[in-house]
Amino acid sequence: MAANFKAELLACFGQPVDENPTGVMQEAGFRELGLNWRYLTIEVPPAKLRDAIAGARAFGLRGFNLTIPHKVAVIPYLDEIAPDATAIGAVNTVRREGDRLIGENTDGKGFLHGVRADAGVDPRGKRAVVLGAGGAARAIVTELALAGAADVLVVNRSVERGSAMVADLAAKTGCPIRYEPWRGTYAVTAAADLLVNATSIGLFPDVHAMPPVDLSGARPGTLVCDVVFNPPETPMLAAARRLGLPTLDGLSMLVYQGTIGFRLWTGREAPAGVMKQALAQALGVA
Ligand code: NDP
């Protein structure tokens, strides 16, 4: 048998990256499928991003992830950007087709996959409220709109950021997206089918922080989601559970943005259960 000691390579470029657990999840998937692929977590400062992309081309990387602060800055160095990543204005996953590097955004798609697969909810025709207007919110709002949500209401503290994002995404997607300033406590109404915390409130180390929302007006069955994955059990999800509302944690989005990347890179269906288990173990919540 001919020997082949060469592994296929993937990477994550970011700064800081020390605590990024994606590699653990991807490599668990490769092991499960017996693939000789490696995922390297590499610290790349902003001034070195161009060189890192040239290096990725030179090494023949099969693809890579971008995390803070490179998701927008990478765009000029790529050969093509997928339509939804263009609308979002950010790339978190790059795949290689021949010599071409193609930018994708799997964050919002990963969130939506979790809504469908883990919570059993089809976003088509649903009315969603999204808290926040940062990168995660942008990806989620875009994919909700493209998936046929009947109404997406963005509630954000900074009026300028919230209204600018909504105007931009409504124009790009042609879908009903509205903005409301976040003043005091946002009272969820019975009209909402889906509530998403897409802010960083509740993120480690502020694990006791709760977004100022009143869930008591939600109707039974309203799905309450959080993008914060560290810790996965956030005060908002705990409050929703106390009211008997169904919930979806940020681990779901994190796992599925990774499984979508896995499929784009390897062409194989990702072993989602194994990858989720590896991630939960790495985050100490297994
Ligand atoms: P950004 O910094 O781009 O945006 C942060 C958002 O949170 C802004 O809308 C900001 O509002 C809002 N916000 C922060 N603090 C407060 C506060 N005290 N009160 C009201 N609003 C607040 O961050 P990202 O969008 O990149 O990330 C947001 C979260 O999503 C992070 O916790 C991140 O870890 C998580 N994430 C999870 C992923 C997953 O796979 N589960 C993937 C990507 C991100 P304002 O505009 O008013 O400042």
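Predicted model: local features only at pLDDT ≥ 70, side-chain atom pairs only at ≥ 80, totals over all residues.

Visitor: Which residues come nearest to the ligand?

Guide: There are 21 residues around the ligand.

Visitor: Are α4 and α8 roughly parallel or roughly perpendicular to each other?

Guide: Helix α4 covers residues 107-117 and helix α8 covers residues 250-266, with axes 7 Å apart. Their packing angle is about 115°, and the range from 65 to 115 degrees counts as roughly perpendicular. The two helices, α4 and α8, are therefore roughly perpendicular.

Visitor: Which residues of α8 meet α4?

Guide: The α4 side of the contact consists of Asp107, Lys109, Gly110, Phe111, His113, Gly114 and Ala117. By class, the contact of α4 with α8 has 5 nonpolar, 5 polar and 2 charged residues. On the α8 side the residues are Ser252, Met253, Tyr256, Gln257 and Ile260.

Visitor: How many charged residues does the contact of α1 with α8 have?

Guide: Helix α1 (residues 22-33) packs on α8 at about 50°, with the axes 10 Å apart, and α1 and α8 are therefore oblique. The contact is made by Met25, Gln26, Gly29, Phe30 and Leu33 of α1 with Leu254, Val255, Gln257, Gly258, Phe262, Trp265 and Thr266 of α8. By class, the contact of α1 with α8 has 7 nonpolar and 5 polar residues, and the number of charged residues is none.

Visitor: Is the crossing of α8 and α9 left-handed or right-handed?

Guide: Helix α9 spans residues 272-282; its axis and that of α8 come within 10 Å and cross at roughly 130°. That makes α8 oblique to α9. As for the hand, the crossing of α8 and α9 is right-handed.

Visitor: Which residues of α9 make the contact with α8?

Guide: From α8 come Leu251, Leu254, Val255, Tyr256, Gly258, Thr259 and Phe262. The class count for α8 with α9 is 8 nonpolar, 2 polar and 1 charged. From α9 come Ala272, Met275, Lys276 and Leu279.

Visitor: Where is Pro69 found?

Guide: The peptide bond from Ile68 to Pro69 is cis, with omega near 5°. Strand β3 covers 63-66 and strand β4 covers 80-81. Pro69 is found in the loop between β3 and β4.

Visitor: What is omega for the bond that joins Asn230 and Pro231?

Guide: Pro231 is in the loop between β13 (223-226) and α7 (235-242). The peptide bond joining Asn230 and Pro231 is cis, and omega is about 5°.

Conventions
Residues numbered from 1 in each chain as written. Heavy atoms only, no water. Axes fitted to C-alpha atoms, helices over the stretch in contact; angles between N-to-C directions. Helix = DSSP H or I, 4+ residues; strand = E, 2+ residues; numbered from the N terminus. Parallel < 35°, antiparallel > 145°, perpendicular 65-115°, else oblique. Contact = heavy atoms within 4.5 Å. Nonpolar A, V, L, I, M, F, W, Y, C, P; charged D, E, K, R; others polar. Near = heavy atom within 4 Å. Left-handed = near helix turned anticlockwise from the far one by under 90°.
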